[in-house]
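Thanks for making the time this morning.

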Amino acid sequence: LSAGCSMADMASLDKVEQAWQELSAVLNPDESITPITYINSAANLKAFCGKHGGIVCTSSNAKKVLEWAFSQREKVLFFPDQHLGRNTGYAMGIPLEQMAVWDFDKPNGGLTKQQIEAAKIILWDGFCSVHQQFQPEHIDQYRANYPEGKVISHPEAPFEVCQKSDAVGSTEFIIQTVKESPVGSRWLIGTEINLVDRLAKQSKAEGKFVHYMAPVVCMCSTMYRIDPQHLLWVLENLVAGKVINQIKVNPQDAEQARLALEQMLVVSG
Ligand code: SF4
């Protein structure tokens, strides 16, 4: 039960409700702001979005979700991952000057009234520690060694890294792009090490070369708690009719979270 996502833990319902209340000193958030939560977030945050006319997104559908959000209200509060919000918003043509980072440890997110009014996207100050380690210098070094090589990054990576990449997209997009590339292709990939490792092994057999972006590996300790042994243990118990570590969401949260999730399914088609 201790498996999880340290990025998701950077946004709690208390802090998000506090932000909503502080924003209400500047504008009416339920009229002006669509809350969007990344799928890596607690159920009660999905419920918060459902309750406040918001939506859930994944890295695959973030653009469509942002487009829908702006068709509803003029601004977006995007949590918990600032990078996905920034990279997606920028790719849609929203300049960085119209994005503000909400520091959840400071009163009013550390923002002035003017900054809140000027922002189209208010980005929660959360991040994935695995993707945050990738740096533009890693790309420079790779390009110096392999001028013909291509670079692909996940949108949870920092803005400067995504800007230097040849392509940016979800895990599925990364897998597809490498799969469809010609024999002899070389890729530097900025995402989680296990995926890159698997892709490197498969690609090698197809005559392609895949490199991990960072020189040091920062494992995701919370995700690593999901391992084959425990998965097998849970499945064997299920077969025997026993539910291990059942997660229960209170009915009201479940209903409101479902609204935000169903909205995402409608928007992403
Ligand atoms: S790598 Fe770990 S911290 Fe980052 S998004 Fe995945 S589960 Fe969360």
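Asn245 counts as partly exposed, at 39% relative accessibility, and since this is a predicted model, that value, like the others I will mention, is computed from the predicted coordinates. Asn245 lies in the loop between helix H12 (228-239) and helix H13 (251-268), and its backbone has a positive phi of about 45 degrees although the residue is not a glycine. As a reminder, most residues other than glycine have a negative phi, and most peptide bonds are trans.

Asn108 also has a positive phi, of about 55 degrees, and is likewise not a glycine. You will find Asn108 in the loop between strand S4 (99-102) and helix H6 (113-118), where it is partly exposed, with a relative accessible area of 34%.

Which peptide bond is cis? That is the bond from Phe79 to Pro80, with omega near -5 degrees, and Pro80 is found in the loop that runs between strand S3 (75-79) and helix H5 (82-91).

Let me now move to the ligand, which sits in the largest pocket. The residues surrounding the ligand are Cys5, Ser6, Met7, Asn40, Cys128, Val130, Glu156, Cys220 and Met223. Sorted by class, this shell has 6 nonpolar, 2 polar and 1 charged residues, and Glu156 is the charged one, because Asp, Glu, Lys and Arg are the residues that count as charged.

Conventions. Residues are numbered from 1 along each chain as its sequence is written. This is a predicted model: local features need pLDDT of at least 70, side-chain atom pairs count only at pLDDT 80 or more; totals for chains, interfaces and linings use all residues. Side-chain values use heavy atoms; hydrogens and water are left out. A residue is near a molecule or strand if one of its heavy atoms lies within 4 Å of it. On a 1 Å grid over the protein atoms alone, a cavity is a set of points where a 1.4 Å probe fits but cannot get out, and a pocket is an open set with protein on both sides within 12 Å along at least five of seven lines; lining residues have an atom within 4 Å of a point. A molecule sits in a cavity or pocket if more than half of its atoms lie within 2 Å of its grid points. Helices (H or I, at least four residues) and strands (E, at least two) are DSSP runs, numbered from the N terminus. Buried means under 20% relative accessible area, exposed over 50%, partly exposed in between (1.4 Å probe, protein chains only).
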